[in-house]
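I went by topic and wrote down what I found.

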Amino acid sequence: MVNAKKQIQKLIKECDLKEGDVFIDLGSHHGQEIEELIKIGVEVHSFEPHPNISKILRKKYGDNPLVILNEAAAWPGPTGKQVLYVEKDLDDVKDGGSTMSLVKYLNTLLRPTWDSNLYNRDPQMFYDIEVEKARQVNRAHEVATIDISEYIKNLDKPVDVLKIDVEGLEWNLLAHMFYNNVLSGISAIYCEDHDGDIVDPQWSLQRGQVKKLLAENNIQIREWF
């Protein structure tokens with residue numbers, strides 16, 4: 001298991017972060033990165049859609065002027081509401097496994113019992129059925145979303161680090177930000193990659209296409225855990 005404290009300390013050193021720098025934290029969870037960043041005076045823009053984990057972050061950092069808490073998911077599209085999928089239930093805040101990606105949710109729960117026959121016959125029907133199953137067991141919850149490209153543009157200040165740890169939606173967000181011309185102004189981008197964890201040909205195809213697109217445009221993506 002990766003030590004989150006050591007990982008963020010390594011990032012701080014690699015990027016030479018200092019007081020006044022700006023860090024966008026997509027997928028803050030319990031604030032493991034925030035804790036280390038504010039020690040050196042970094043301004044942190046936190047995104048965490050899980051409603052009960054967001055309450056924990058608010059209690060810990062709500063009064064800290066260095067931390068801007070967005071109790072919402074960063075989204076590759078217009079600001080609004082979308083479905084958050086949780087592995088157990090909303091009261092599970094110790095682990096709090098959740099994702100905005102239906103594909104990632106299903107792989108977490110169903111692998112290796114993925115229904116390949118139905119998926120291959122009718123992918124849309126496969127996903128529609130699984131969404132309904134998630135709703136029936138109280139694992140699908142509507143949460144707020146924020147258009148991440150518009151958010152970054154509206155900051156009107158340089159972004160030193162963007163960290164993306166959003167359980168399967170990473171490549172959607174990167175593509176959205178690329179086509180909205182916000183990635184080139186970010187000094188360092190760290191991204192968790194779920195390749196090998198997700199069984200879905202379309203997801204894998206998109207991942208490959210976005211990686212190629214970014215590489216061709218000299219946008220470096222550094223590995224996050």
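I started with Asp-156, which lies in the loop between helix H7 (148-155) and S8. The model is predicted, so I kept its limits in view: local features need pLDDT of at least 70, side-chain atom pairs count only at pLDDT 80 or more, and totals for chains, interfaces and linings use all residues. Residues are numbered from 1 along each chain as its sequence is written, and side-chain values use heavy atoms, with hydrogens and water left out.

Asp-156 is not a glycine, yet its phi is positive, at about 55°. Is Asp-156 buried or exposed? I found it exposed, with a relative accessible area of 71%. My cut-offs were under 20% relative accessible area for buried, over 50% for exposed, and partly exposed in between, with a 1.4 Å probe and protein chains only.

I then looked up Asp-16, in the loop between helix H1 (4-15) and strand S1 (22-26). Asp-16 also is not a glycine and has a positive phi, of about 50°. Its relative accessible area is 55%, which makes it exposed.

A further positive phi, near 60°, belongs to Asn-181, which follows H8.

**The six-stranded sheet**

I traced an open sheet of six strands with parallel pairing, in the order S3-S2-S1-S8-S9-S10. Strand S3 (67-70) and strand S10 (222-224) are at the edges; each has a single partner strand, so one side of each has no neighbour in the sheet. I took two strands as paired if DSSP finds at least two bridges between them.

S1 pairs with strand S2 (residues 43-47) in the parallel sense, over five bridges. Opposite Asp-25 I found Ser-46 in S2. How many residues of S1 are buried? Five of the five are, so S1 is largely enclosed by the rest of the structure. Val-22, Ile-24 and Leu-26 point one way from S1, while Phe-23 and Asp-25 point the other way.

Strand S8 (residues 159-164) and strand S9 (residues 186-192) run parallel and are joined by five bridges. Ile-164 has Cys-191 as its bridge partner in S9.

**Cysteines**

I counted zero disulfides, a disulfide being a pair of cysteine sulfur atoms within 2.5 Å. Cys-191 counts as buried, at 4% relative accessibility.

**The four-stranded sheet**

I also found an open sheet of four strands, ordered S4-S7-S5-S6, with mixed pairing. S4 and S6 are its edge strands, each with a single partner strand, so one side of each is left without a neighbour in the sheet. Strand S5 (residues 80-86) pairs with S6 in the antiparallel sense over two bridges. Val-86 has Ser-98 as its bridge partner in S6.

Eight of the ten residues of helix H8 (residues 170-179) are buried, so H8 is largely enclosed by the rest of the structure. I listed the buried ones, among them Glu-170, Trp-171, His-176 and Phe-178.

His-30 sits in the loop between S1 and H2. His-30 counts as buried at 19% relative accessibility. From His-30 to Leu-57 I noted 6.5 Å, C-alpha to C-alpha, with the two 27 residues apart in sequence.

**The largest pocket**

The largest pocket has a volume of about 730 Å³. Its lining has 33 residues, and Gly-27, His-29, Asp-95, Asp-165 and Glu-167 lie nearest its centre. Helix H2 (32-39), strand S4 (73-75) and strand S6 (98-99) each give two or more residues to the lining.

The search used a 1 Å grid over the protein atoms alone: a pocket is an open set of points where a 1.4 Å probe fits, with protein on both sides within 12 Å along at least five of seven lines, and lining residues have an atom within 4 Å of a point. Grid points are joined across faces, edges and corners, and the volume is the space filled by probe spheres set on the points.
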